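Let's take a walk through this protein together. Have the sequence and the 3D view ready, and follow along residue by residue.

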Amino acid sequence: MVDQERVREMTKLAAYEKHEGKRCRLVTRYFRSDFVVRELLKGFLYGTAAFGIILLMWGVCHLEELIGNLDSIDLIQLGTAVLIRYVMFLIVYLVAVDIYANVYYAEGKKRTKRYYRHLKRLGRMYEDHEGHSTPLRH
């Protein structure tokens with residue numbers, strides 16, 4: 001006879017593995033600090049690329065003005081202004097990445113613990129079922 005409670009537990013476990021399992025497995029491979037540092041390094045690369053793309057788009061939009069004032073532009077002042085904006089952008093972006101990575105890690109750990117709790121519950125159900133169905137031997 002099919003035990004409905006075990007079927008429910010197996011369904012929950014299968015749903016977790018199908019939808020959330022891949023994301024949460026990444027979290028279980030690392031300590032929190034390692035995971036956050038990994039995400040910050042990725043964030044640094046992606047943030048630098050994003051700033052470069054934004055800077056390029058701004059340059060294309062203001063190309064006529066830049067070419068017209070090319071001989072009167074103070075390149076040191078322009079470079080300093082771009083560098084300051086880059087650092088500010090990167091600080092804000094990396095703080096956001098840090099917050100996101102910590103929340104993602106905590107949520108992944110919580111979901112993984114829930115998954116293991118369901119696994120233990122299912123294991124106890126099987127043990128209880130095995131204990132009731134086998135005759136006692138003396």
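**Charges, pairs and a nonpolar patch**

Helix H5 (residues 75–133) gives the most to the positive patch, with four residues. Helices here are DSSP runs of H or I with at least four residues, numbered from the N terminus. Before going on, note that this is a predicted model, where local features need pLDDT of at least 70 and side-chain atom pairs count only at pLDDT 80 or more, while totals for chains, interfaces and linings use all residues. Residues are numbered from 1 along each chain as its sequence is written, and side-chain values use heavy atoms, with hydrogens and water left out.

So who is in that positive patch? On the surface, Arg32, Lys109, Lys113, Arg114 and Arg117 gather there. To join a patch, a residue needs over 30% relative accessible area and no salt bridge; like charges are joined within 9 Å, and nonpolar side chains (Val, Leu, Ile, Met, Phe, Trp, Tyr) within 5 Å. Lys and Arg count as positive, Asp and Glu as negative, and His and the chain ends are not counted. Each charge is placed at NZ of Lys, CZ of Arg, CG of Asp or CD of Glu. The areas come from the Shrake-Rupley method with a 1.4 Å probe, and for residues only the protein chains shown count as cover.

Take Arg117, found in helix H5. Arg117 counts as partly exposed because its relative accessibility is 46%; buried means under 20%, exposed over 50%, and partly exposed in between (1.4 Å probe, protein chains only). Thr112 also has its place in helix H5, but Thr112 is buried, because its relative accessible area is 7%.

There's a nonpolar surface patch to find too: Leu83, Ile84, Val87, Met88, Ile91, Val95, Ile99 and Val103 make one of about 760 Å². Met88 sits in helix H5.

Now for the salt bridges. Side chains of opposite charge can pair when their charged atoms come close. The rule asks for a side-chain nitrogen of Lys or Arg within 4 Å of a carboxyl oxygen of Asp or Glu, and the count comes to four salt bridges. Which residues does Glu107 pair with? One is Lys110, with the closest N and O atoms 3.6 Å apart. Another is Arg111, at 3.0 Å, N to O. Arg111 and Glu107 both lie in helix H5, four residues apart, about one turn of the helix. Elsewhere, salt bridges that share partners join Arg38, Glu39 and Lys42 into one network.

Terms used:
Helix = DSSP H or I, 4+ residues; strand = E, 2+ residues; numbered from the N terminus.
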